[in-house]
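Sequence and model pasted below.

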Amino acid sequence: MGSEGPAAVTIHVTGFKKFHGVSENPTETIVSNLKEYTEKKGLPKGVILGSCSVLETAGQGALPQLYQTLQSALTGKDSESSCSGRIIWLHFGVNSGASRFAVERQAANEATFRCPDEMGWKPQKVPIIPADGGISRVREVVLFSLRYLLLLSMTSLPVEEITKALAKKGFEVMTSDDAGRFVCNYVYYHSLRFAEQNGIKSLFVHVPLFLTIDEETQMKFAASLLEVLASLCQ
């Protein structure tokens, strides 16, 4: 028998619907069209594109939907990825004031919404997970070591490498240490916690409005990000 190559990486993707001040959320368009786009252009080698879900732009009231979505990555594992745990949750959110893409390194345990979410919730300096401690708690992007998974040994996901690889492809992109305190940070904190507990990976990326970076470029960016993630997880 010949030697087998590395297992494919299954990447599940989420975006958000519209919210106060953003009538057209580019991440809804990106995520809704990503499967069709990659079918036409071809998926990068080593990538299985899993679910593509659009979330309500809401915090506490949308938690059941969020956890149902996150859990689906575990219950829906195929045989190719389930043994290795090579699953990534990739979340897209919009920063309406941004001029470039931002790969988010961490999420803070704080919900301070500048406006009500789409379910009318507007928390101020509230811990996202009270059991984790106060609002100063930060969760970083973590990657469980496949070799030492049972010992819970972790390494940081190579956020800088991801950013550099995307920049080499010609995209205006930066690494960020501040995902805000609105719904993006709220979802990211829950996702990182879920990933940590289940031996999978999570990453959040902020994108600008289509007025700033056009739709075609953003679709290319999303497809390139899938490729970069797969290459760095080999």
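This is a predicted model: local features need pLDDT of at least 70, side-chain atom pairs count only at pLDDT 80 or more; totals for chains, interfaces and linings use all residues.

Residues are numbered from 1 along each chain as its sequence is written, and side-chain values use heavy atoms, with hydrogens and water left out.

**Rings.** I paired rings of Phe, Tyr and Trp (its six-membered ring) with centres within 6.5 Å, calling planes under 30 degrees apart stacked, over 60 edge-to-face and the rest tilted. I got 11 aromatic pairs by this rule. Phenylalanine 19 and phenylalanine 182 make a tilted pair, because their planes sit at 55 degrees, with the centres 5.7 Å apart. I placed phenylalanine 19 in the loop between strand 1 (9-16) and helix 1 (26-41), and phenylalanine 182 in the loop between strand 9 (173-176) and helix 5 (183-198), 163 residues apart. Helices (H or I, at least four residues) and strands (E, at least two) are DSSP runs, numbered from the N terminus.

I found both phenylalanine 19 and phenylalanine 182 buried (under 20% relative accessible area; exposed is over 50%, partly exposed in between; 1.4 Å probe, protein chains only).

Next I checked phenylalanine 113 with phenylalanine 182: the centres are 4.9 Å apart and the planes at 75 degrees, so this pair is edge-to-face. Phenylalanine 113 is buried too. Ring pairs join Phe19, Phe113, Trp121, Phe182 and Tyr186 in a cluster.

I looked up glutamate 215, which lies in helix 6 (residues 215-232). Glutamate 215 counts as partly exposed because its relative accessibility is 36%.
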